[in-house]
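Please open the structure in your viewer and keep the selection tool at hand. The stops below are to be visited in order.

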Amino acid sequence: MNLPHIPNTPRGTRELGPSDLHVWLLPPPASPRDIPVGELDEHERRRAAAYRRQSDRQMYVAAHVGLRRVLSVYTGVAPRSLPLGREWCEECGERHGRPVLVDLPGAPEFSLSHSHGLALVAVARTRVGVDVQALPSPETVDACLPLLHPAERQEITRLPADRRQTAFARLWSRKEAYLKGLGTGLARAADLDYLGEAAESWRPTGWTVRNMPLCDGHVGAAALAGDKDWRTALHPVPAEWLHTRDADLRISAVQPVLRTVLRAHDPSAVRTHALIDTRNRKERAQAS
């Protein structure tokens with residue numbers, strides 16, 4: 001496939017090692033007029049048009065333009081020419097899984113999430129999912145508790161009321177990041193997998209799922225296929241840079257403001273308080 005490259009930018013200007021996770025924080029533009037909508041494909045434009053609220057539509061468009069411009073830094077392909085598609089399903093022979101770069105050898109894996117004025121793009125050399133959540137209201141927490149794994153519900157309800165919103169947001173971001181990494185999203189029931197904090201040994205095997213430090217008012221998490229430590233770098237992109245004509249060159253020069261390590265799960269990490277059965281729903285049904 002012969003794809004146009006970014007002028008004056010060498011192919012793959014951002015290096016990405018096998019144990020690296022790069023996370024990009026993308027703010028919305030000050031005005032919808034600042035967004036180069038022409039860089040989106042027909043599918044993205046239809047998705048954007050389906051949003052009823054102008055603010056949601058603007059955030060979606062800005063996040064996807066930002067995604068394309070970030071990925072162009074790793075591939076050297078112009079944002080509007082990036083072949084975004086869905087992962088191939090061997091069972092049905094169609095593309096309906098995770099978003100991927102199609103027929104672009106050596107392209108990285110990626111994940112996108114956006115919520116209430118902030119978008120995250122995660123880039124890695126393995127399956128990756130990322131999620132960002134604004135802190136929910138107490139009413140939202142109460143309404144969503146029945147959707148959780150029984151052990152997760154127990155952990156949240158044992159907390160003092162003033163800590164439940166943050167704890168729930170952290171848990172839900174881990175859960176959504178993992179389901180995005182799998183490629184199922186919330187089509188997979190939220191109570192099937194345990195992603196709480198009291199018994200890491202019960203978390204999904206073969207994955208590292210951790211929360212990340214973000215700005216006030218938001219929590220975020222990343223899930224990566226591979227039970228190991230991940231060197232993580234957070235790159236904030238200034239709003240005035242993201243949508244300029246030379247955004248690709250500016251983004252390629254952004255340096256991380258934070259470097260950290262997302263540690264592999266500790267198989268022996270179980271707190272002393274008694275947990276109810278932390279097996280997933282299928283395992284519990286088979287044992288009963």
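In which sense do S6 and strand S8 pair, and over how many bridges? Select S6 together with S8 (residues 218–225): the two pair in the antiparallel sense over seven bridges. Strands (E, at least two residues) and helices (H or I, at least four) are DSSP runs, numbered from the N terminus, and two strands pair if DSSP finds at least two bridges between them. Along this pairing, Gly129 stands opposite Ala223 in S8.

The model is a predicted one, in which local features need pLDDT of at least 70, side-chain atom pairs count only at pLDDT 80 or more, and totals for chains, interfaces and linings use all residues. Residues are numbered from 1 along each chain as its sequence is written, and side-chain values use heavy atoms, with hydrogens and water left out.

The three strands form an open antiparallel sheet in the order S6-S8-S7. Its edge strands are S6 (128–134) and S7 (207–212), each pairing on one side only.

Now select helix H2 (residues 54–75). H2 has 22 residues and reaches 32 Å from its first C-alpha to its last, close to the 32 Å expected at 1.5 Å a residue (1.5 Å times one less than the number of residues). Because 18 of its 22 residues are buried, H2 is largely enclosed by the rest of the structure; buried means under 20% relative accessible area, exposed over 50%, and partly exposed in between (1.4 Å probe, protein chains only). Just after H2, Gly76 takes a positive phi of about 80 degrees.

Finally, select Lys282 in helix H8 (residues 281–287). Lys282 is exposed, with a relative accessible area of 56%. Lys282 and Leu192 are 90 residues apart in sequence and 7.3 Å apart in space, C-alpha to C-alpha.
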